[in-house]
Amino acid sequence: MSLSLSLSPSVFKNAVCKVYRFQTVDSKWMLVREQMAECTLSFSIPKQLIALYIQEDTCRIQELKDLGELSPHWDNLRKDVISRYDQIIKEYQDTLAELEKLTGPLFKPSCSKGQKYLEFIPINLHTQRMRVMMFADVSSTDSFYDVVTVGAPAAHSQGFKNGGLQKLLSKYESEKKSHSTAYQCIYYPPEQTAKAREILCVVSQLQPHISALADQLLQTAQQSSSQPLRDVLKSLEEKVRPANAQQECIPLIRRDRKHTDDLPVATVVWWDELAVLVQSLKKCVAEVAERARRSVSFVLLQEAACSTAQGLQLQQRRDAVFSQLAALACGFAMRLYAGLEDKGFLRQLHAVGLVAQFESLLSTYSEEIGMLEDMEVGISDLHRVTFRITEAASEEAVSLQPTVSGRRDHYTVEVPLPHHAFQALPEELREGKPLRVLPVLFNVGINEQQTIAERFGDISLQERINQKNFEILEGYYKSLTDTVPSECLPCFQTQTDIKELLDTLGQNVVTKKRKNVEILWLAGMICRRMNGIRLTSCKSAKDRTSMSVTLEQCSLLRDEHQLNKDYFVRALDCMRREGCRIENVQKNIKCRKYAFNMLQLMAFPKYYRPPEGTYGKVDS
């Protein structure tokens, strides 16, 4: 099997396979193979993120200590903030220690979603691939369709009594304004404190870069060539400019340039003079960096002081939700392996990145509305993630594991490939260019709680999410069509083009229609036509998710592979009764029954109900 049709055994493990044979409209046969697998990233990505959280918060404590002597008022506030950070670090260290002890399955079962020490681990994360082989008289075709299934990324162990992140953050920001007066602080909105953290990060990176370039300048000046010196001077000037050190430092650069034309006759005296100026430059930059660090650290101290303990509690909740989105790294790795031999896909990947479409089946009632509020913020935070493709150090499994680096304001996930696969990539990808993945979320509740929400409650959250993410998806499509030729995109049997599908989706997200699952179908079709990453969620990724995944698979067989319409419901029932999704239920709760009751089944839209004998009351 080619690499594009295989899943990396170093990342995807414990596969379950099911094979079916279905008849087409022209009385021929198709062979359908389902494969569901666990993913090592379920645990490895969250553990790396927890370690990065600890490292970042430890640095934050040191930055606060480096502020030096403060007035008694501010010194007491600093001690209070440091104490809170110490407590979080201790909790994260304990969590990491517990996770390191774990052995066994590579997924968190749905019955463990409320366990505190597992709150960073995604629920029931699995990959699923449907491979379709069509047999004709003299030839055959081969297609496959991927999806990642995962429980709602939310702070299940912390509960939803007061809502989720979207509601809690909004309330917190308004309360922080009043606290700022009580603590004699200046109120800084989230975008300004985020900018302050970004400046702090940039300054910490700039100083060693400038210092290294200054040393390189001295070394280059000893050579008998003027062009290398000009190159170093240009790089140095570019780095110095954002450090705001131009007025102490630019005379140095300009003076050096006067000497570059007669470098062959450069004297030791000139080099000694240059060395003094270089030391002056390094000292100047160090002073600017230190002033910037102290100023920004004090801004962040004010922000932390006036936020009270609630602010850091919300950060913990946000950390837990974000870590569960290891599902995105799983989806990226799966999509990358599938597209290694697709030149159009690889061109799209480095030109505009990929779209990752999260399909959610949560209701907008009771605790699930809090889950959706968590999920919305967590998926939005994924805009801060970029990916890089690297060459693995060896073919060993440990060398092929994706790794994470960075801080809360920006993370990079490096995905290593074996030597032969990496060398076959386009040059732009081999150079390590950061690759964007644009996350979008569409939600349509389908259960009996959604019925209550639609008749007596409030569905504005769902409406706002769908409209907002439609606009994001539409913007990505415009960038895609402006940058990438249409022939780079996959071909489908159904002739409806992406623009027409987008127009229909746009109409649906503003239409008042109960349980409008057409929104999910359209978003899924658009995602697949744009080479995107598909992810499906409900509370536990077990029951409603299984109905959605099997329905999409059978719809693809009908629309793309001419499944006989008379066999559609039979194929759907067969997959739900005997396929990978009932095996997923068995893995989670040791029982081969979907957790549905008659009231729920009556509330479900058409084709979302399992066959007789496969559902009942279970402990989930």
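Author: Let's start with a term: a cavity is a set of grid points where a 1.4 Å probe fits but cannot get out, and its lining residues have an atom within 4 Å of a point. Keep in mind that this is a predicted model.

Reader: How many of the residues lining the second largest cavity are charged?
Author: The nonpolar class has five members in this lining, and the polar class has three. Asp, Glu, Lys and Arg are what counts as charged, and the number of those here is two.

Reader: OK, what about the largest cavity: which element gives the largest share of its lining?
Author: A search of the whole structure turns up four cavities of 30 Å³ or more, and the largest has a volume of about 130 Å³. Of its 13 lining residues, Ile45, Phe322, Leu325, Val385 and Val413 are closest to the centre. Two or more residues come from each of α1, α9 (326-338), β6 (385-391) and β8 (410-417). The largest share, three residues, belongs to α9.

Reader: Moving to pockets, which residues lie nearest the centre of the second largest pocket?
Author: This pocket has a volume of about 720 Å³. Helices α1 (41-65), α2 (72-101), α3 (165-182), α4 (190-221), α7 (268-306), α8 (308-324) and α11 (367-381) each supply at least two lining residues. Of the 27 residues in the lining, those nearest the centre are Pro190, Thr193, Arg197, Gln315 and Arg318.

Reader: How many charged residues are in the lining of the second largest pocket?
Author: Sorted by class, this lining has nine nonpolar and six polar residues. The charged ones number 12.

Reader: Is Gln462 buried or exposed?
Author: Gln462 sits in helix α15. Leaving aside residues up to four places away in sequence, it touches Leu362, Thr364, Asn443, Val444, Gly445 and Gln450. The cut-off for buried is under 20% relative accessible area; Gln462 has 8% relative accessibility, so it counts as buried.

Reader: How far apart in space are Gln462 and Gly445, C-alpha to C-alpha?
Author: Along the sequence, these two are 17 residues apart. In space, the C-alpha to C-alpha distance is 8.5 Å.

Reader: Next, helix α16: within what arc do its buried residues fall?
Author: Helix α16 (residues 498-509) has 12 residues and reaches 16 Å from first C-alpha to last, close to the 16 Å expected. Its buried residues are Ile498, Leu501, Leu502, Leu505, Gly506, Asn508 and Val509. They line one face of the helix, because seen down the axis of α16 they fall within an arc of 160°.

Reader: What covers the buried residues of α16?
Author: The cover includes β9 (435-443) and α15 (460-483). It also includes α17 (518-529).

Reader: Last one: what do the buried residues of α19 pack against?
Author: In α19 (residues 568-578), the buried residues are Phe568, Ala571, Leu572, Met575 and Arg576. Down the axis of α19 they fall within an arc of 125°, so they line one face of the helix. They pack against β1 (12-23), β2 (29-39), β3 (126-135), α18 (544-561) and α20 (580-589).

Key: Residues are numbered from 1 along each chain as its sequence is written. This is a predicted model: local features need pLDDT of at least 70, side-chain atom pairs count only at pLDDT 80 or more; totals for chains, interfaces and linings use all residues. Side-chain values use heavy atoms; hydrogens and water are left out. On a 1 Å grid over the protein atoms alone, a cavity is a set of points where a 1.4 Å probe fits but cannot get out, and a pocket is an open set with protein on both sides within 12 Å along at least five of seven lines; lining residues have an atom within 4 Å of a point. Grid points are joined across faces, edges and corners, and a volume is the space filled by probe spheres set on the points. Helices (H or I, at least four residues) and strands (E, at least two) are DSSP runs, numbered from the N terminus. The expected span of a helix is 1.5 Å times one less than its number of residues. Buried means under 20% relative accessible area, exposed over 50%, partly exposed in between (1.4 Å probe, protein chains only). The arc is that of the directions from the helix axis to the C-beta atoms. Contact means heavy atoms within 4.5 Å.
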